[in-house]
Amino acid sequence: MSKKKKEVTLMDKIVSLSKRRGFVYPGSEIYGGLANSWDFGPLGVELLNNLKAAWWKKFVTERTDMVGVDAAILMNPETWVASGHVGSFSDPLMDCKKCKSRERADKLVEGWQFDNESEETPANWAAEKTPPQDMLDFINEKNITCPQCGKLDWTLPKAFNLMFKTQQGVVEGEGKDIYLRPETAQGIFVNFKNVQTTSRKKVPFGIAQIGKAFRNEITPGNFVFRTREFEQMEIEYFCKPGTDKEHHEYWKNFVMDWYKGLNVTPENLRLRDHDPDELSHYSNGTADVEYLYPFGWGELSGIASRTDFDLKQHMEHSSKDLQYFDEANKEKYIPFVIEPSLGVQRSALVFLCDAYDEEEVKEGDTRVVLRLHNQLAPIKVAVLPLSKKLSEGAEKVFTLLVRELGLKIDFDVQGSIGKRYRRHDEAGTPYCVTFDFDSLEDDTVTIRERDTMDQQRMKIDELVAYFREQFKY
Ligand code: GAP
């Protein structure tokens, strides 16, 4: 049983399976779609809900040092001035005058071999706000041509802010400019004082949030890896200045362990510390958890050490005191912050890629199976009457399981039993329960396991206890 085959076409297979089984559809498909937007279907929404619930349980519920918030997506625009997003959350874009394709100047030169002495790197361009003319001169000098048409005829790079801007107010053109939040983090920072005083938490403690974020990405793609609308699961963990390094180490490992605990192959995961010239303006150290996607290694989540940058900025811009008073030591300080930030849809993509398997059942017969962790599986158990005539008895089993377990149970009568098993293998359903003619006589059913395809006979009145054990996490 091979865990996974990394093939060039794996992503195509995942996209196709997602559509076929109802995990993910192209967004607004009946209108020809909207580029790089995706809608989650019946199985997809269960997967997302399960992974968010698993995260919340591990990162919030099971801990005494964590509380949650659900802040508004639309925030006072001053928030984004204070956070630095209005000033610097942008990419340098340039157009090819010949073929009109639009490219990121920093990405164009990324493959360029910079000598170690050189001050000029794409990361430095962003950090040092290099003038557009200097970027253009560099690109022309190095003869970096258009990847689409091969010509060297670029416009001057222009800073393109990644925040979606909209207007608040009823009169068109007279509203106040506001932004769709590009990260959930700021909704936590602006509530730091409210949460700390009402929850009476002492530093170190964390505030968690799951919610939508929006970025007008220039190069979205790779299915749900990079989209313009996505969800984040973020924590801002407030600690005493000077203890940030140890907390940073802790959270790096905690995030890695979470993915591994949900069966992501350890060899497909790695931690990568950012080079100093890669760090965001607020960070004194960031590590990415990276995954080996079908298209290569890429970011899965980030664990940033954000110093006291955000609270300090919000203090300055709001004129509110956001310092923490340490009663035990009678001292006041602005806490430092460690931020584990995970993408919901990007995590779902990783769980799908890692769980995907093709297994030869017998010669010439291969099954596709999603070996999802029980906690993530969209449907936990499928109840299958062997024949439509057995539906009444099987429905009683279905009702019993739903009522007693409170889990997502499916009832499936369509097609041959073999086809139904295969359908549920592709859906990642860990167990199928088959109600057959013997069940009418002896009150037993067959349980089939997804991964091993092993079957065992069990009394109906033992099912609830059995599944409670399987779905204990
Ligand atoms: N508050 C910190 C922050 O937003 P980030 O590295 O820009 O940091 C954190 O984003 C995580 O959010 C990423 O590791 C990724 O999982 C997810 N993410 C970011 N941009 C995304 C996009 N355009 N599409 C899907 N997920 C994205």
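This passage describes the overall make-up of a predicted protein model and several of its local features. Residues are numbered from 1 along each chain as its sequence is written, and side-chain values use heavy atoms, with hydrogens and water left out. Because the model is predicted, local features need pLDDT of at least 70 and side-chain atom pairs count only at pLDDT 80 or more, whereas totals for chains, interfaces and linings use all residues.

The protein contains 16 helices and 23 strands; these elements are DSSP runs numbered from the N terminus, with helices (H or I) of at least four residues and strands (E) of at least two. Its C-alpha trace spans about 80 × 65 × 50 Å along the principal axes. Of the 473 residues, 51% are buried, where buried denotes under 20% relative accessible area, exposed over 50%, and partly exposed the range in between (1.4 Å probe, protein chains only). Among contacts (heavy atoms within 4.5 Å) between residues at least 6 apart in sequence, 65% join residues at least 24 apart.

The accessible surface amounts to about 22,900 Å², and carbon and sulfur atoms account for 49% of this area. Accessible areas come from the Shrake-Rupley method with a 1.4 Å probe, and for residues only the protein chains shown count as cover. The protein carries 64 positive and 77 negative charges, whose mean positions are 3 Å apart. In this count Lys and Arg are positive and Asp and Glu negative, while His and the chain ends are not counted; each charge is placed at NZ of Lys, CZ of Arg, CG of Asp or CD of Glu.

Two surface patches were identified. Patches consist of residues with over 30% relative accessible area and no salt bridge, like charges being joined within 9 Å and nonpolar side chains (Val, Leu, Ile, Met, Phe, Trp, Tyr) within 5 Å. A salt bridge is a side-chain nitrogen of Lys or Arg within 4 Å of a carboxyl oxygen of Asp or Glu. Asp-438, Glu-441, Asp-442, Asp-443, Asp-461 and Glu-462 form a patch of negative charge. Within this group, Glu-441 belongs to helix 15 (residues 437–442) and is classed as exposed because its relative accessibility is 68%. A nonpolar patch comprises Leu-386, Phe-437 and Leu-440, with about 280 Å² of accessible area together. Leu-386 occupies the loop between strand 19 (381–385) and helix 13 (391–405), and its relative accessibility of 38% makes it partly exposed.

His-85 is located in helix 4 (residues 85–88) and counts as buried because its relative accessibility is 5%. Beyond its neighbours within four places in sequence, His-85 contacts Trp-80, Asn-161, Met-163, Pro-182, Glu-183 and Gln-186. In helix 14 (residues 417–427), the buried residues include Arg-420, Tyr-421, His-424 and Asp-425. This helix is followed by Gly-428, which has a positive phi near 80°.

The peptide bond from Val-203 to Pro-204 is cis, with omega near 10°. Arg-200 is also placed in the loop between helix 9 and strand 9; its phi is positive, near 55°, although the residue is not glycine, and it counts as exposed at 70% relative accessibility. Asn-222, in the loop between strand 9 and strand 10 (229–239), likewise has a positive phi, near 60°, and is partly exposed with a relative accessible area of 37%.
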